[in-house]
Amino acid sequence: VYPVTQSSFRNRVALLITNIKFSNESMNRRGAEIDEENMEKLLSSLGYEVVKYTDLTGKAIDEALMKFIKHPKLKHTDSVFVVIMSHGKLGKILGVNWTEDNLDEFPINNIFKHLGSKSCPELINKPKVIVIQACRGEQRGSVLVSDGPNTADDVPQTEDFEADKIHFVHPEKDFISLLSCTPDTVSYREPDCGSLLIQYVVEVFSPESYLEHIFELFTKVLQHVERFRRCEKLQMPTIDRYTLLKSFYLFQGLLDNDH
């Protein structure tokens, strides 16, 4: 189990980025302000100081992440959340100035690069929870069905190193990310209620969520979204780039007190 102490709990910090209004007004994300409000309340209830940005370009998203990894609390926190909500396509988050002639985009891979071991050693061995609400393509996530039923070779290392002088860590470790849909498909948002994914994240991460670790909670979110049925608007979130080596309980202290 990843350790959670009273001190580390008091130093929790999260990054929340929400794009609502775009230069092209037809791209404005109605209901996204509800997602922003709900996620801020949820993260605060989980003990995280929320660093919040609204309506950023792709470059500004990258700059916000680079600023976040210098936050003084990261050295003492037990975990971080990074939540980004916007339009998107496969592997990219769209900035607010995006047009077909101006590809204002943020590569999702940069999240893992910036929060990884090399760029952010303060977060080594600490859970990094990523939640992305964005389309990953333009295809519908539903199909009409009927009933029916790479291996890498080890590379020998010829160099000799002195173990007491050089210590290596994996560049990407202790991550778990929740994406709102499968590759190449769209995700849905209700103007009056917000995005399906965020609605169910808030519902699942209830006060009783300390009884289950983060992977179990994310699996429940997947189950809720998968059961949603309205006008053939189906959506399937995914748990991606899962490199947690232990179980992460958001309120480990409460769990320990039950035993």
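First, a term I needed: a crossing is left-handed if the near helix is turned anticlockwise from the far one by less than a right angle, and right-handed if clockwise. My helices (H or I, at least four residues) and strands (E, at least two) are DSSP runs, numbered from the N terminus. This is a predicted model, where local features need pLDDT of at least 70 and side-chain atom pairs count only at pLDDT 80 or more, while totals for chains, interfaces and linings use all residues. Residues are numbered from 1 along each chain as its sequence is written, and side-chain values use heavy atoms, with hydrogens and water left out.

Entry one: the helix pair. I looked up H5 (residues 196-204) and H6 (residues 214-227), and their axes come within 9 Å and cross at roughly 130°. Axes here are lines fitted to C-alpha atoms, for helices over the stretch in contact, with angles from 0 to 180 degrees between N-to-C directions. H5 passes H6 in a right-handed crossing. I then checked who makes the contact (heavy atoms within 4.5 Å): Tyr-200 and Glu-203 are among the H5 residues, and Lys-220 and His-224 among those of H6.

Entry two: the sheet. I found an open sheet of 3 strands, ordered S4-S5-S6, with antiparallel pairing; two strands pair if DSSP finds at least two bridges between them. S4 (88-89) and S6 (105-107) are at the edges with a single partner strand each, so one side of each has no neighbour in the sheet. S5 (residues 92-94) is joined to S6 by 3 bridges, and Leu-94 stands opposite Glu-105 in S6. Helix H3 (residues 58-68) lies across S5 and S6, at about 40° to S6.
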